[in-house]
Amino acid sequence: MSQQQSMRAQTYSSFGDDAVLQLQERPLPEVGPGEVLVRVRTAGINPVDWKVMSGGLSSLMHTEFPVVPGWDVAGVVAATGIDTPGFSEGDEVIAYNRRDWIHHGTFAEYTTVPARALAPKPAALDWDQAGGLPLAGLTALQVLTRLGLSRDPQENRGTTVLIHGASGGVGSMGVQIAAAYGARVIGTASRSNHGWLRELGAEPVEYGEGLTQRVRDLAPAGVQIVADFVGGVVETTTAVLAEGGAHASIADPQVLEHGGQWLWVHPDAEGLAELGRLAEDGALTVRVADTFPLDRLPEAFAASREGHTAGKLVLRVS
């Protein structure tokens with residue numbers, strides 16, 4: 001790479017709302033053993049990004065200020081550290097780049113990524129789609145497989161999956177993954193998104209009052225797997241779950257009191273490679289709802305907070 005020694009990055013030096021964000025010149029991050037330096041093309045925006053900024057996860061993860069937010073990344077390898085076999089300068093890659101503490105993020109022109117978290121960018125996805133894939137795709141994949149969904153469609157015959165929040169960034173990928181793995185999929189969403197969910201392979205139901213009965217009408221014997229990507233639906237989940245079924249949430253710890261799992265996505269290069277395979281096979285795509293340049297991150301966070309986005313919001317960095 002060139003002798004460039006600094007980069008533009010969104011940062012914040014204290015917890016707060018969007019007013020704490022600053023677009024600054026920062027030193028390039030140092031590339032350690034087992035790491036690569038990635039020139040960021042795009043980065044998916046996720047609700048966890050602004051929740052972390054607000055201090056909402058301070059009890060779960062250590063924070064070192066100033067913080068560069070962002071965990072999703074799609075970009076090009078600019079340099080490699082010691083012992084990074086399989087990656088070379090110029091490779092197009094994606095990653096869910098969450099560390100064990102909050103400090104180095106992806107809403108910057110460059111970021112370092114552990115090689116163990118990297119996977120090749122799927123050729124079937126453009127840069128916007130690739131940037132929106134890692135966190136949401138891995139969340140959906142890990143939740144569904146940990147609840148017992150097999151990657152072998154033959155083993156999922158007779159399995160019905162209910163996905164709460166099926167039109168969101170995570171939910172829409174969950175619908176596609178479950179359908180690709182041969183399961184029957186029921187997805188909750190507002191009526192305006194029902195046509196899209198049918199295209200993805202789900203039987204849509206409108207959320208809100210009466211949801212439990214609407215699901216029962218579609219699956220009188222109950223559903224075997226429930227993936228909750230919105231929270232606040234544990235009563236419906238337990239009411240429609242078949243005997244011996246399994247359920248989990250990424251948004252509601254109360255599921256632990258009802259026999260469910262509260263799950264937290266982790267970096268996983270092999271999982272990203274599987275998502276790439278599904279994309280190359282035409283079974284998985286990423287719907288990009290809107291894109292924002294790096295200097296408009298506050299607007300992107302505001303759009304994310306509204307909670308009505310169908311698909312992914314993506315930051316275009318370079």
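Mentor: Happy to! Let us begin with a word we need: two strands pair if DSSP finds at least two bridges between them. Please also keep in mind that this is a predicted model.

With that in hand, look at the open sheet, which has six strands in the order E12-E11-E10-E13-E14-E15, with parallel pairing. At its edges are strand E12 (203-206) and strand E15 (261-262), each of which pairs on one side only. Now find strand E10, residues 160-164, and strand E11, residues 184-189: these two run parallel and are joined by four bridges. To see one such link, go to Val-161, whose bridge partner in E11 is Val-185.

Helix H3 (residues 134-146) touches E10, strand E13 (223-228), strand E14 (241-249) and E15. The direction of H3 makes about 150° with that of E13. Helix H4 (residues 169-180) also packs on the sheet, where it touches E10 and E11. Between the directions of H4 and E10 the angle is about 170°.

His-194 sits in helix H5 (residues 194-200). Is His-194 buried or exposed? His-194 counts as buried because its relative accessibility is 5%, and the cut-off for buried is under 20%. A polar atom of the His-194 side chain lies 3.5 Å from the backbone oxygen of Ser-190. Leaving aside neighbours within four places in sequence, His-194 is in contact with Ala-189, Pro-204, Val-205 and Glu-206.

The domain assignment gives domain 1 (6-121 + 287-316) and domain 2 (136-262). The centres of domain 1 and domain 2, taken over C-alpha atoms, are separated by 29 Å. Six residues from domain 1 and eight residues from domain 2 take part in the contact. UniProt, in an unreviewed entry, lists residues 16-315 as "domain: Enoyl reductase (ER)". Over residues 16-315 the chain is 27% helix and 28% strand, and the end C-alpha atoms of that stretch are 20 Å apart.

Strand E3 (residues 35-45) runs antiparallel to E8, and five bridges join them. Opposite Val-113 in E8 stands Val-36.

Finally, here are two backbone details to look for in the loops. In the loop between strand E4 (62-63) and strand E5 (72-80) you will find Pro-66. The peptide bond from Phe-65 to Pro-66 is cis, with omega near -5°. Further on, Asp-83 lies in the loop between E5 and strand E6 (92-96). Asp-83 has a phi near 65°, a positive value in a residue other than glycine. Asp-83 is exposed, with a relative accessible area of 62%.

Methods. Residues numbered from 1 in each chain as written. Predicted model: local features only at pLDDT ≥ 70, side-chain atom pairs only at ≥ 80, totals over all residues. Heavy atoms only, no water. UniProt positions renumbered as here; feature names shortened; annotations may be inferred. Contact = heavy atoms within 4.5 Å. Axes fitted to C-alpha atoms, helices over the stretch in contact; angles between N-to-C directions. Buried < 20%, exposed > 50% of the residue type's maximum accessible area, 1.4 Å probe, protein only. Polar contact = N/O pair within 3.5 Å; in protein donor to acceptor, adjacent residues only side chain to side chain. Domains from an automatic or database assignment.
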